[in-house]
Amino acid sequence: MPDRPVALVPAEPVDLAEVVAAPPLENLQRIGGEMFAWTDRDEKRSPALPSGGLLRYLLGSLAGSGRAVLVAGPHSDELIDELVGTGAEVTWLLRSLPDAEEAAAAHPSVTVLAGALGKLAPDQYDLVVAADGVTRLNSAEGDQMPVGSMIDRLSLAVGADGVLLLMHDNHFGVHHTVQLGADGRYGADANWYPTDEMEAGRPASRAELAARLTEAGLLVEASYAAFPEPAAPAVLVGSKLLGDVSSPLRPWLGSAVAQGFTAAYRGRPVLSDPRKLAARALRAGAEDAVAGGWLIVACAGDRSGFVGHDALVGDVHGTFTYGVDVDGTPEELVPVSEPRERAGMRRTGVPSIAATDGYLLEDRLLELCATNDVRRLRQEIMQFDTWVREQARDGLLHGPVAVADVSDVLITRDGPVVLAVRWEPINPVPVDTAVVRSLWQFAVRLITGARPHPWPVTSSAMDLTTILLGMAGRGVTEPELRTAVDLQVAIDSAELGLRPAEQHDHKLNLLAVQPGTVPVDVVGYRELTEALWRQRYQTSHLLHMMEWTEDIIASRDRWLSKMDWEIQIYRASWAGRFLTVSRTAYRLISRDLRAARQRRRQRRAAAAAAKRWRKAQKAKGITDGTVE
């Protein structure tokens, strides 16, 4: 057991009369090995329960009316409701007795089994769901089954034409790599097991997991790498797309994965920004190795009729789901649920395009900034500005293009296109505001991400935005920038559900971005270290400038003192006095000579003017006042 009570049920006063008077739970069965003082539903101390639109879609498509379904391990109530809604006969296995009693009371139509997986009767089901994996199927009230044995036991529970849906956690996943905090052997609920015994037969990759299920007599129909976390996947990448760096879906995939990590890790302390690690893995074709987990759909018969896609994207806190294939257009699988409108924004649906050749504009701009290629950087920004303004009608932008920044724009042979954007404005946005907001967002990423660029001595994101807009021949004022930041605050409020006070604080944080500022969305220890390093660099730079200025001033003071000392010596000696009188006399004589030359030039000019006047009068025939 752990050194501290991790997920033990707190001791609360119990009303024995109320317990005796409560009706018995007819749908609860105790099969043995149940844990009496343990809970897996503690949000603060236990791992998150499986949930999200992707899992709801998969369960809804695999289950059906009259099908016998076994749910192994703790799952969110929304997934159980999805299975019940299809008309399936659901059986739910939980190791915690308090959790089983709560589940039986909340879901009267579900048969709840309280106990360990090893005590499960050798029944077979049409669908076996283990979206939480197998780590929470053991019980402290009995022998511990290794991971490999638990996977084999789930495979035996699949009927003749049944299907197994299994999510397997990747211990090398990004979500474990960036985890910040005490994560020792007994640091969390999932780590109290004897490691050496439990890890026996544990698949270490998606290929090993599929091979183990194949050895158990199942046919693997689909396998996915889950991002960002196995409990709440936002993107599922199929085997056809994994590792294919030349796929036309690659740019879209990078954008979708980055959005998933941003939504999952916003405001969470981590060791390093997981988006950077995921982006490097995607460029290297190693995303399968660092995925949060692997999801397998396997059947016992020839085929189960499951129709998969090369990639699946869904809401973590909603029902919206769409699929993408390399050879087809995105397909909406589950529509957007309510609320569709929030903070002046409307939830968008399926992207218009995903599989196409091209490059992300942000990647190209970052590359040009790193190489100090100002000429090509100016060309890219001017083309982006021209394209955005071409989409406007009467100076206003409608739809996703109004809130698409450079990270959402794909440059193709036919021109720029907008990839997956989660929100769009309800009311049209002025085109100038949209352009300023896009380039300001890019400037914020340059500064907070410690990205190299040609203008390292910029004081704030506003200064860098002004430079970028100047490349497109545009200017920006402080009110225009604040309007663009308000648009960003509206987008973040729609995504996160910020209250008015939180919106105000968020706006102040965005306006205060300058060198040394940490990222405003995902704050990692590495990014904090980089921000501290940048602050120290700026401080040391200012100190060196102060020292240099003081040295220059001291040097000039020394030379002035030396010159003054020499002057005083010259004035105190007879030679110095003679030179002083001579210099004064020379100045006076030079002044008088200049004045004399000036008077002589004036007299000559006056005589010449008089001579010219007389000649003019003679030419007119006028002499002494008479006309000849």
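Residues are numbered from 1 along each chain as its sequence is written, and side-chain values use heavy atoms, with hydrogens and water left out. In this predicted model, local features need pLDDT of at least 70 and side-chain atom pairs count only at pLDDT 80 or more, while totals for chains, interfaces and linings use all residues.

Three strands form an open sheet in the order β15-β17-β18, with antiparallel pairing. Strands are DSSP runs of E with at least two residues, and helices are runs of H or I with at least four, both numbered from the N terminus; two strands pair if DSSP finds at least two bridges between them. Four bridges join β18 to β17 (residues 409-412) in the antiparallel sense, and valine 409 has valine 418 of β18 as its bridge partner.

Helix α5 (residues 147-156) is mostly covered, with seven of its ten residues buried. Buried means under 20% relative accessible area, exposed over 50%, and partly exposed in between (1.4 Å probe, protein chains only). The buried residues of α5 include Val147, Met150, Ile151 and Arg153.

Arginine 600 lies in helix α18 (residues 574-619) and is partly exposed, at a relative accessible area of 41%. Helix α17 (residues 525-572) contains arginine 558, which is exposed at 55% relative accessible area. Between arginine 558 and arginine 56 there are 502 residues in sequence and 80 Å in space, C-alpha to C-alpha.
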